[in-house]
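I opened the model and kept notes as I went. The entries follow in the order of looking.

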Amino acid sequence: MKIEVLYPELSNLYGDYYNAKYLAMCIPDSQTVFTSNNDKPAFLSEKVDIICMGSMSERNQEFAIKHLMPYKDKIKELVDNGTFFLATGNSFEIFGDHIEDDGKKIECLGAIDFYSKRQMNDRRNCFFLGDFQTEKGEDIKIVGHKSQFSFSHGKATEKPFISVEGGFGINLDSKNEGVHYKNFFGTYILGPFIMLNPQFLKYLLRSMNLNDSLLYEEEINNAYADRLKRLQREGTEFLMGAE
Amino acid sequence: MLRFIISLWASKLCLFLFKHTGRERDDRPGILALRLCPNFLDRVKKPPLVVAVTGTNGKTTISNLVSNILNLEGKKVAYNTWGANYKAGQARCLLDAVSIFNRPTKDAAVVEVDELLSYKTLPWIQPNYVIVTNICRDSIRRNAHQDLIFSRINQGVSKLPNATLILNADDPNSSFLGENNNKRFFAIADQHADVFETNVSDFPVCPKCGTVPVFNYRHYRAIGNFYCPNCGLKSKTGDFIGTKLDFDKREMLVKEKDGEFKYPLVSDTIFNAFNIMAIITLFRTIGYSPEVIAEHIKHIKLPENRVACEDLGKIKMYTFSAKGQNVSAASTVFEYLAKEPSKKELILLLDEHYGDDPNIETITWLYETDFEYLNNENIKKIIVAGQRYLDYKLRLRLAGIPVEKTVCVFDEQTIPDYVSTDGIESIYVLHDVTTVLRAKKIKDKIKEKITNQ
């Protein structure tokens, strides 16, 4: 079982690296490859089971796009072949068609059919509560926090990864959050997404045909249950000011 | 104009009443001034010397110390000691520095400036000097990331063509501010410190080309001397360089073009040594002699809401500002505590919300902050309280801290019950800027418990 973390220097802005770290802690005998932006990605030369990326500043996002563009076709092939991807924060935008920013168009990997629009003078923050429905019809509550300068649009955003119950969606007109295509999971929820959502992690492990028991399962479930209870409380304020 | 005059008179009256009813530390006169005249900050006359202090960490400490030194020089100084760094606090500060005829009545104003809003407020305040402490990881909700803060401060200082920037050459972020401004840099030479590896993403890649930078040396986190192996971007050179730091004797040597001079230190922490370097650089740039500055530093103290210590016989009890949500501040304090050799217990009061407060808060910072540092043999117990106690419980376990060394509870009132004193030399109550009073109450209860034993 191989986990590849792409560009940990660039994409660990909000503690996102802990997603891969905890995932590895829960999978005995797993191997984690940290691919620095000076290195060639491991997925080019060997089988990687899951690829993780995390939040980054907008400037660093453009560096990451530049690094990955030469491997665009291979990445599309991996996405289409059902390799698992977990991209948190704005990292999932890299897999779309392009990013628009104040008249500038930044070409992206084009692996999934959507695009993003940035507005650096308009940052939005919210707490998030939503529903992820598995293929078997099981509902998993998803919790988290979003803080972003950009939103995404286009075909792939119409099929939800998560249905929004509280907070805003993948764009301000949408009740969907994130992108779910085959085994690609991308969400604007930031940072330690997996640490916040142990039920989703269990689903992910089962989907990868792995044992779904978690390290410190009682602790992580208690923290999740408490946060869920607070977010489900009547009158919860999901939207937060930025300045 | 009429609007400004009405605003000035009304807010001066309000300030007078507040001062005479024991509410001096209150921003409401400033709020009134801005409500009556939104461009009050721009219109109010400024004293001959205005020092603005901005950046992520250290603003309040440096502002306090600068204002203390100016007071020791016999200057009349307008300054908000309580760290009010939004527009209202700044209006309150500058309001206090003029007469009802809008004529300066003080020699100087020291204005703390919130870094996120600096692009708006710095041009209004028109400081002669701007100290930028550093730019590093902070609260995600307010400050997003360093690139945003850099662009905000840069926008602000670009409108101050006559101001001199006092910058930290060892901060790879803020040292590149103000391309067209006059600048004076401070730095600390390699102290061969044993610096921990960090998770905090303060300066992950070269801002010019995106390559992972190489550090010649670090003092803490990403504060140090770097170069980019690809494009050659490198740290600025200090005009004032702390060459030899002696924390036992609480003194350091500072090299500059006129020679090398000895200055006192106000604490045994490297981050406060940087604060002192900023102060030395400011006052040397203004024109004070090293001897005068050194003499004044001997008489200044860190603000009590940042660090305070009480001797309880065998145990020393500290309250220490560590700032929840502020990843860089919390990690730096954790590193200091791991290295400070006394056998200690830590109490963490870093949440934003306590008790039945219906608000919730983000926990991303828990996974950015180096809780792993606390897995240290000198740290005998960690007691955490607050709404997010279950998140801490998980985080402390993931950091490898033995479960028997941790206590995580909802109600902070119960903390004293878990404090033990056997073999303990120090107790640290770490608090956020919003939990100073909460920390003081807990400290008093623990003190009572220890005194009664």
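Which residues is E310(B) in contact with, leaving aside its neighbours within four places in sequence? I found I315(B), K316(B), M317(B), K443(B) and K447(B). Contact here means heavy atoms within 4.5 Å.

Ground rules. This is a predicted model, where local features need pLDDT of at least 70 and side-chain atom pairs count only at pLDDT 80 or more, while totals for chains, interfaces and linings use all residues. Residues are numbered from 1 along each chain as its sequence is written, chains are lettered from A and ligands numbered from 1 in the order in which they are written, and side-chain values use heavy atoms, with hydrogens and water left out.

**E310(B)**

I placed E310(B) in strand β12, residues 307-312 of chain B. Helices (H or I, at least four residues) and strands (E, at least two) are DSSP runs, numbered from the N terminus. E310(B) counts as partly exposed because its relative accessibility is 23%. The classes are buried under 20% relative accessible area, exposed over 50%, and partly exposed in between (1.4 Å probe, protein chains only).

**Chain B as a whole**

I counted 15 helices and 17 strands in chain B. Its C-alpha trace spans about 65 × 55 × 40 Å along the principal axes. The radius of gyration is 22 Å, which agrees with the value near 22 Å for a compact globule of 453 residues. That radius is taken over C-alpha atoms, and the globule rule is 2.2 Å times the number of residues to the power 0.38.

Next I checked burial. Of the 453 residues in chain B, 62% count as buried. The accessible surface of chain B is about 17700 Å², and 50% of it belongs to carbon and sulfur atoms. Areas come from the Shrake-Rupley method with a 1.4 Å probe; for residues, only the protein chains shown count as cover.

Contact order came next. Among contacts in chain B between residues at least 6 apart in sequence, 71% join residues at least 24 apart.

**Interface with chain A**

How many residues of chain B are in contact with chain A? I got 46, against 47 residues of chain A. The two chains bury about 3900 Å² between them, 59% of it on carbon and sulfur atoms. Buried area is the accessible area (1.4 Å probe) that two parts lose on being put together, summed over both. In chain B, R141(B), I360(B) and Y367(B) lose the most area to chain A, together 17% of what that side buries.

I then looked at M25(A), in helix α1 (residues 17-26) of chain A. M25(A) has 31% relative accessibility, so it counts as partly exposed.

**Positive phi**

Most residues other than glycine have a negative phi.

N102(B) has phi near 60 degrees. N102(B) lies in the loop between α5 (87-95) and β3 (108-112) of chain B. Is N102(B) buried or exposed? With a relative accessible area of 12%, N102(B) is buried.

H192(B) has a phi of about 50 degrees. H192(B) sits in the loop between β6 (182-188) and β7 (214-220) of chain B. H192(B) is exposed, at 67% relative accessible area.
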